[in-house]
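Welcome! Keep the structure open beside you as you read.

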Amino acid sequence: MDPYKLQRQNAAIRKVLGELLAVEVKDPRVGFVTINGVELNRDQTVAEVFVSVLGGERERKDSLAGLKKARGFLQGRLSDVLRLRATPDLRFIYDESLDQGLGVETILDELSARGEFVDEAERRRRRTLDSLEPPRDLLAALAGAERIWVVPHVNPDPDAMGSALALAEALRAAGREAEALRYAEPPAGCESLPGYADALDPDAVAAAFADDEGPDLVVAVDFHHLERTGDLEPLLARVGAAWCIDHHLDGNGPAPLPGWIEPVASSASLLVLRVIEGLAAGGQEGAPAIALTATMATNLYAGLYTDTGGFRFPNTLPLSFEAAARLVSAGADAADVAERTLHERSPASLALLARVLDTFDYHHGGRILTLRVTREMLAATATTMADTEQFTGLASAVSGVRFVVFLKEREDGAWRVSLRTDAAGDVHTAASQRGGGGHRQAAGCTATGDPETLAAALVAELALQLG
Ligand SMILES: [Mn+2]
């Protein structure tokens, strides 16, 4: 089914259910229920209905019981009103985030045992790769532009760089004049990506603008504010249109670029895969047919593999493996990517590691680990910040450690803070309160001042989650 027709269908179901609850369901208990959204599956057999409940614990329990009782009636009336071919099975999904810990667990457990409610974790497990649909306006913007630059964030990781290279290749195959951009400093694990050497470097970018040959569209991959393009920002800001494809949520800050931000995706490359599949499926009349090539697949797999920490992080979901299967089927060399990204280390980066290991400092019975890298250490080992990429992962692998606080000294003397935790922890709050962003499990921010004081403040704050 056309995804946009599906979206309209979802909106129609949401509207009708809201009206039925307000007007036809006589049970006064459901008056506290709000329908936040509806997602119909592709064959229209199941509709997931996202609800929240206003009021105290009592109202919540009563409303959920009322809703459960009205389910059969709602399904029947919905089919009548919308003239649906088949009656979708309504699954009410309770938005736990609104009122966690208010004593509704018992009823939720009971409903969930009957398959009538699905919790957030279950919902994530059920998401399929095909349920991630690129927004139509993003595909239209790509189809409508002639010259397109695909840009990774500054200090790119394999997800940002691989996504940029793959999307640029696909756009070229679709008949666009498209280039991936890269930065001056060579990023860790990216130089071996197919096509990296051909990406436009900052000098080529500046020269293109000087010759009035800049693009008419910029696509930001793995980030969503142009500030994250470092020295390129003033140039890229001149381009008429900028869109994003990203999987990071950040709480505050300016509005993101238009485009596609989908946090359930374990990597931006997984979203780029869906965009490429969308371009391949929706080719315009007379446009060349495009297919996922082995080089695109290798670049995308590099992003998928590294952003899941080699399929170790909590963001590793069934849809991550669906993407892996498609990419390896298309020719991605999984063993080679693993070797070159997460496994291989240079002698210089090991010398740097030896110095950083000396800074390891355990707090709260070894549950919080702080570490630090200074400009002086980088200079002494002839390394760059890119060589520290895997140290956070190494620190979080130490037994007993639940939180990692990694301080990296920048050239301007400020500190880049990388935070990491396990599936139960949250470091996004600490980062976003300092103007940063990321995910609950991995987040970052920038701070100034004395590193000891900064580390102590973060340790005290994160320790509140240790219980
Ligand atoms: Mn990413």
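A residue is called buried if 20 or more other C-beta atoms lie within 10 Å of its own, exposed if 12 or fewer do, and partly exposed in between. Please keep in mind that this is a predicted model.

**Exercise 1. Decide whether Leu 270 is buried or exposed, and list what it touches.**

Step 1: Find the residue. Leu 270 sits in helix H9.

Step 2: Count its neighbours. Leu 270 has 29 other C-beta atoms within 10 Å, so it is buried.

Step 3: Look for its partners. Leaving out residues up to four places away in sequence, Leu 270 touches Ala 265, Leu 304, Ser 320 and Ala 323.

Step 4: Contrast this with a residue that lies elsewhere. His 343 is 73 residues from Leu 270 in sequence, and their C-alpha atoms are 22 Å apart in space.

**Exercise 2. Take the whole protein and describe how it is built and how compact it is.**

Step 1: Count the elements. There are 17 helices and 14 strands.

Step 2: Compare the radius of gyration with the globule rule. The value is 24 Å, close to the 23 Å that the rule gives for 467 residues, so the protein is as compact as a globular protein of that length.

Step 3: Picture the outline. Along the principal axes, the C-alpha atoms fill a box of roughly 75 × 65 × 40 Å.

Step 4: Look at the inside. Of the 467 residues, 40% are buried.

Step 5: Check the contacts. Among those with a separation of 6 or more, 68% join residues 24 or more positions apart.

**Exercise 3. Find the largest nonpolar core: which residues have the most contacts inside it?**

Step 1: This core has 68 residues, and Val 150, Ala 164, Leu 167, Val 219, Val 221 and Val 272 have the most contacts inside it.

Step 2: Helix H6 (residues 158-173) gives the most to this core, with ten residues.

Step 3: Zoom in on Val 272. Apart from residues up to four places away in sequence, Val 272 touches Ser 163, Ala 166, Leu 167, Val 221, Ile 245 and Leu 300.

Step 4: Another core, of 28 residues, lies apart from the largest one; Leu 371, Val 404, Ala 430 and Ala 431 are among its members.

**Exercise 4. Trace the open sheet of three strands: in what order do they lie?**

Step 1: The order is S1-S2-S3, with mixed pairing.

Step 2: Strand S1 (33-40) and strand S3 (89-94) stand at the edges; each has a single partner strand, so one side of each is left without a neighbour in the sheet.

Step 3: From one strand to the next, the twist averages 30 degrees.

Step 4: Strand S2 (residues 46-53) and S3 run parallel and are joined by six bridges. Within this pair, Phe 50 has Ile 93 of S3 as its bridge partner.

Step 5: H2 (residues 57-82) lies across S1, S2 and S3, running at about 155 degrees to S2.

**Exercise 5. Now trace the open sheet of six strands: which are its edge strands?**

Step 1: The strands follow the order S9-S10-S11-S12-S14-S13, and the pairing is mixed.

Step 2: The edges are strand S9 (361-363) and strand S13 (437-438), each pairing on one side only.

Step 3: Strands S11 (residues 403-409) and S12 (residues 415-421) run antiparallel, joined by seven bridges. Leu 407 has Val 417 in S12 as its bridge partner.

Step 4: Helix H17 (residues 451-463) packs on the sheet, touching S9, S10, S11, S12 and S14, and its direction makes about 160 degrees with that of S11.

**Exercise 6. Work out where the buried residues of helix H13 lie around its axis.**

Step 1: In H13 (residues 347-357), Ser 349, Leu 352, Leu 353 and Val 356 are buried.

Step 2: These four cover an arc of only 105 degrees around the axis, which puts them on the same side of H13.

Step 3: Pro 347, Leu 350 and Ala 354 are exposed, on the face turned away from the buried side.

Step 4: The buried residues of H13 pack against S10, helix H14 (375-381) and helix H15 (391-396).

Definitions and conventions
Residues numbered from 1 in each chain as written. Predicted model: local features only at pLDDT ≥ 70, side-chain atom pairs only at ≥ 80, totals over all residues. Pairing = 2+ DSSP bridges. Helix = DSSP H or I, 4+ residues; strand = E, 2+ residues; numbered from the N terminus. Contact = placed C-beta atoms within 7 Å. Axes fitted to C-alpha atoms, helices over the stretch in contact; angles between N-to-C directions. Arc of directions from axis to C-beta. Core = buried A, V, L, I, M, F, W, Y, C linked by C-beta atoms within 7 Å. Rg over C-alpha atoms; globule rule 2.2 N^0.38 Å.
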